[in-house]
Amino acid sequence: MKGMTIIVKTISSWVKVLIFLFGIYIILFGHLTPGGGFAGGVILASSYVLLMLAFGREFAEKTLSVPFASKLDCVGALLFAAVALCGLLYGAAGFFWNFIHQKYLMGTDYEFNLVSAGTIPLSNIAIGLKVGASLFLVILTLSMCCKDFKPGSTENEKE
Amino acid sequence: MLYALCFLLFTIGLYCAVTKKNMVKIVIGIMVMEYAVNLFLIMLGYRMGGVAPIIGRSDLESGLGGFVSKSVDPLPQALVLTAIVISLGSLALMISICVRTYEKYGTFDITQIRRLKG
Amino acid sequence: MSVPLPVFVAIPLVTAFLLPVFAKRGKAVATVLANLATISLLVLAIGSIGQSRVYEVGRWSIPLGINLVLDGLSSLLLLAISVVSSAAMFFSIRYMEQYTARAKYLSLFLLMVAGMNGVVLSGDIFNLFVFLEIASLASYALVGFGCGHEELEASFKYMVLGSIGSIFILFAVALVYGNTGSLNMAYISEAIQSNGLNPGLTFALGLFIVGFGLKAALVPFHAWLPDAHPSAPAPISAMLSGILIKTLGVYALARVVFNIFGISLATGWLLLTFGIVGMLVGAFMAFGQWDLKRLLAYSSISQVGYVMLGIGLGGLIIAKDGNLAWASLAILGGLFHLLNHAVYKSLLFLTSGSIQMSTGTRQLREMGGLAEKLPVTRAACTVASAAIAGIPPFSGFWSKLILVIASVQAGYYWVAAIIVFVSLCTLIMYLKVQRYVFLGELPENLQEITENRGSMLVAMVSLACLCVLMGLLLTPGLRASIFAPAVKVLVDGVSYSANVIGM
């Protein structure tokens, strides 16, 4: 997949950093403003998709390779599961319990700040990581299938 | 009244998914059906003249009763977020199968992709 | 033992995301981990037979939060899921060496198991929808796993029809939320009992029946099953036919119709009709099949018809205020047949996978005389065929007998006649399988095949032993601990809500 002209390449190399930063903002403030893990993750993935459209697929694959993105995906999911299972340390009825808020920080006047609401920002970060990596992998893999095809040729790449 | 329009959109999507012969058009029909159901789900929670369900510090200090009587229902919004994520995953899987089928058969027409019969 | 309920969903989910880390180098480690996950689920499921608990996730109490409910019906299905999935996972150690991307296969398999466990344990109707979608998406990907011509066509057909079913279910959930204001099954049931059914809720019930009927392959909606089940790899066919259509379809339908909406005369007749039509259509279409797995797939449609007939007959008797003993007997027959069919249909699909791996073909006309070459496969297949056809000492006979007795006692003699007739048809179709595959003469190109060794044999032999021993499940001690709570949940119907809120 080829890239685009020099104007597009220059502008997109500045803009993609801003998009990435905006995605991180949406994830981190997910407990205060609309957005959260999924929406922020989609924005993170779209910054890499912009990179792929402007510079060509091989360049995007060099910056974030497929095995690394796959591992990031798994790390995100395992982080989410770890946050949920940590509640089990506080008794058998504690799966997904917001233990940071309910046990340690309840009653102190810390609401509506960035660092508040217990385990919710941690879950948001995990989900944002996972969704960003997954969507990027999906679009990368779909664009790989656009090679020159011959009808009836069987290829060796299993999905 | 608006619910009837939503149902009309749903039946348009169903008609498209059932009668079209191109695989991509069938996928688009299914996506239109999904959008119609998500729209229906959000419209269930609407309240005339309501505000967005985000609590600010002033709402918390003045008691939550006034906020609850003014805001729209936030539960369908959470349900629709989940449903959108699920339909995204399903769409990705359907499109990748369409791409793979095109590479093998050379056509998107489902009347020609009929090796399994009987 | 009393494990917290989310463990049933958390173990396969965490293992599924741990596995792709071992992608290329550690295939053996990945396989061992996956098998450990399914075997531990089996142990936990056996440990929670007959218990009933409610678990509130996140310590949010019920109308605000989501709860997980384990009652008799859920524990019966957990047992079925874990038995079949551990056997299929063990079988796929050796069988999946024909395919690549082993770690992805194992992750998808475990995601499917996690989704099914979630469907069975969920106490909240939107949570049931989410887990149903997880299991369905994993199964769409697994059906097309081989990426050959037929697998892709079958997977696309399955995916389109399955997605339409899921969207119907979501629409019905939206209608139920709009009319009752709650998503928790116990609270919805209470609201429906106090306010009655308005047109919106009746439409939602119709949409639920169509949506779950698409997942369960009831007869007008069965068009995806004869293409999807043969094209999948053999352990996945076993999982799909053995438990997926029953968990996502029959269990969810029974839960919604019996416990939430309450069984009425119209729905009882509807379920009974679906059951009878499914039995007849599946049996007749299976006669003309020359592809082994396609014949087994049509036979699955027929046997799911038996289960729906048992449950529908029980519901009809309850709706007519008949004798509750006969209703319990009919539902017991249906649920026992569900458990039986899970075991012997998955055994049949595993043996067909073993035959395919040895001979390389699925067509009955190209096989013959395999009795000397594949002795263990032949023994397992014969045991499973005898069980499914209803020959006396095996388990299939007892479940069909219970269904016949229940329908005769309730006065529906024509239903009993249809059950006996379809059993005869099933016997004929499996005699055809036996004659063409194992008896007759060996074609020349199959002279040098050998029996498959290793994990495939262990899985098939253990399921065959279960087939023989499951007739013993009707002894009063085991029946009271395993089946009686499940039957009681369905017969009690809408007092499910009082039980859950009271716990």
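**View 1. Helix 2 of chain A passes helix 6 of chain A in a right-handed crossing.** A crossing is right-handed if the near helix is turned clockwise from the far one by less than a right angle, and left-handed if anticlockwise. The model is predicted: local features need pLDDT of at least 70 and side-chain atom pairs pLDDT 80 or more, whereas totals for chains, interfaces and linings use all residues. Residues are numbered from 1 along each chain as its sequence is written, and chains are lettered from A and ligands numbered from 1 in the order in which they are written. Helix 2 (residues 37-55) and helix 6 (residues 120-144) of chain A pack at an angle of about 40°, their axes 7 Å apart. Among the residues making the contact are A:Gly40, A:Leu44 and A:Tyr48 of helix 2 and A:Ile127, A:Val131 and A:Leu135 of helix 6. By class, this contact has 11 nonpolar, 7 polar and 1 charged residues; Gly counts as polar.

**View 2. Chain C meets chain A.** In this interface, 15 residues of chain C are in contact (C-beta atoms, placed from the backbone, within 7 Å) with 17 residues of chain A. The side of chain C that touches chain A has 12 nonpolar, 2 polar and 1 charged residues.

**View 3. C:Arg53 lies in strand 1 (residues 53-56) of chain C.** Not counting residues up to four places away in sequence, C:Arg53 touches C:Leu5 and C:Leu70. C:Arg53 and C:Asp71 are 18 residues apart in sequence and 6.7 Å apart in space, C-alpha to C-alpha.

Methods: Contact = placed C-beta atoms within 7 Å. Axes fitted to C-alpha atoms, helices over the stretch in contact; angles between N-to-C directions. Helix = DSSP H or I, 4+ residues; strand = E, 2+ residues; numbered from the N terminus.
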